[in-house]
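Thanks, everyone, for making time this morning. I would like to walk you through the contacts in one structure, and I will give the criteria as they come up.

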Amino acid sequence: MSTDTPVQPKIRIDSVHKSYVIDGRQQEVLAGVDLTVNEGEFVSIIGPSGCGKSTLLNIIAGLDQPDSGNIELSSENSDKHSGTASGRLGRTGYMQQKDLLLPWRSVLDNTILGLELRGVPRKQAREQAMEFTEAFGLQGFEHHYPYALSGGMRQRAAFLRTMLMGQDVVLLDEPFGALDALTRVQMQEWLLQLWESMNKTIVLITHDVDEALLLSDRVYLLTARPGRVTLVLDVDLPRPRHYDLVTSPEFGVLKARLMEPLRSQIQSIQSAGRSTGQTA
Amino acid sequence: MRFLNKITGLLTWLLPVSILFGVVAAWELWVRLADVPQWQLPAPSEIAKELGSSSDLLWDHTLVTLKEIVVGFLAALFAGLVLAGGIAYSRVLERSVYPIVIASQTVPIIAIAPLLLIWVGYGLTPKIIIVALICFYPIAVNTVDGLKATDPDMVNMLRTLGASRWQVFTKLQIPTALPFMFSGIKIGVSVSVIAAVIGEWVGASEGLGYLITYSQPLFLTARVFAAIFVLSVMGISLFMLAVIAEHLMMPWHFNEKRSNSMRQL
């Protein structure tokens, strides 16, 4: 490997632990998670529900503080220290499963929310957003209120709001989870295309194995609670990728490698659930 | 579909109007057939006549009462919103002031009204204060609830976009509170008319409430009813004004509701 362009880790997470009091009991949610994301990489985190995926993302975004462990975010345009939650807040683009569009704002005014908070004059922010409405499939709907939009459009509007902040690290928490299967495939293809044309580092949380493999350079598989990395899978499929890839034999091989540990985990959750009389 | 909508729309108006009309007609008939004396219960036609013949008198007193209501209500709105904002923004204010606001409602305003006469005199001021005291509470309490009704996920979203506490307040909490605030305003407006009349009953020389207390011992019952009629027209108009303001300020709120109910169909 030549080292004239050293790969810069954008996010480095070392043995992060986190526990919460759930139902009156102290429960460990993350049990020493290590994770590295390099500049420009697309990384997915996959795991059974309740494995602490969202907690991990909240910690990276600075919404939550880990009990122990280190998080480092490297970013050229910040003087704030990334070791503390408050130092990380506002340094990553963060998008959740819910679009969280403000119902009293038009689509356009929703997308400029972050710019506005930063003090960019509305008119200027709107002009900036208008340049992207076509690429985000929002053209002609800029002045509609969110309720008039389809789920996919609302999600793209939320995504544009995130992207306009210009953060080079973007965290996506099951952004397509609430969409129907067809729209989801469309959105995956769209995101794939968009990401390949932009220089962004993306961390995606998903429970959809196809989605993770199709989009990512690397997939981290977490165990059920307490969450811990159990498998790191490099997805060395050629880019640019298209949805057809899902049916190719190479894809099938990778999928099998991911499905096997995932399935055994789900089984262990189910048997644990049966023995304690809980539903998984 | 559209035709059906029109019919149901017409029915929603037609039903209450025809019920009201029926009651008035029965009233008129009863008074005429049973020969009820005028000073006891005037027929609707007599009240209508009275509305015409003493319209100047009624108008003068209406203006006085309306002034008390409008000034008192606006004072309550201002005080209610400022205090609600403070209570929602500062935990210290919430702990110290909010319990007092709630406790203040247990004090019977009617009992305070005569005291106000002693303190601030006989003019418009005590009536304005009574209207303000009564309207203030629903506006403040509803707005506090609204300011606290924010979706925590929305707050987190704003924080990841780099929002300060104040920005979360102005960009999220205040718009979220608007529908709640308007509920408070609508309640406040409805009770404001009653508040003004109570204020005038305690001691006044003008206003529709005064006109009622003045006319009653003289057995000018038709005039009492005419004043009551004007008061309820005033109350309904003020309520409708509040509804119009609500629609103008929150078009998204009503469109969203409509599109949701359409989806359910």
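Within chain A, 18 residues of domain 1 are in contact with 15 residues of domain 2, where contact means heavy atoms within 4.5 Å. Please keep in mind that this is a predicted model, in which local features need pLDDT of at least 70 and side-chain atom pairs count only at pLDDT 80 or more, while totals for chains, interfaces and linings use all residues. Residues are numbered from 1 along each chain as its sequence is written, chains are lettered from A and ligands numbered from 1 in the order in which they are written, and side-chain values use heavy atoms, with hydrogens and water left out.

On the domain 1 side, A:Gln167, A:Met187 and A:Trp190 supply 32% of the area buried against domain 2, more than any other three residues.

What about polar interactions across the interface of these two domains of chain A? The rule finds 6 residue pairs in polar contact, both residues at pLDDT 80 or more, the criterion being a pair of N or O atoms within 3.5 Å, where within protein one must be able to donate a hydrogen and the other to accept it, and residues adjacent in sequence count only if both atoms are side-chain atoms. Salt bridges (a side-chain nitrogen of Lys or Arg within 4 Å of a carboxyl oxygen of Asp or Glu) number 0 between domain 1 and domain 2 of chain A.

Turning to the two chains, 23 residues of chain A are in contact with 22 residues of chain B, and the chains bury about 2100 Å² between them, 66% of it on carbon and sulfur atoms. In chain A, the residues that lose the most area to chain B are A:Trp104, A:Leu117 and A:Tyr147, together 36% of what that side buries.

Between chain A and chain B there are 3 salt bridges, and in one salt bridge the side chains of A:Lys98 and B:Asp153 meet at 2.9 Å, N to O. The count of residue pairs in polar contact between chain A and chain B is 4, again with both at pLDDT 80 or more.

Notes: Buried area is the accessible area (1.4 Å probe) that two parts lose on being put together, summed over both.
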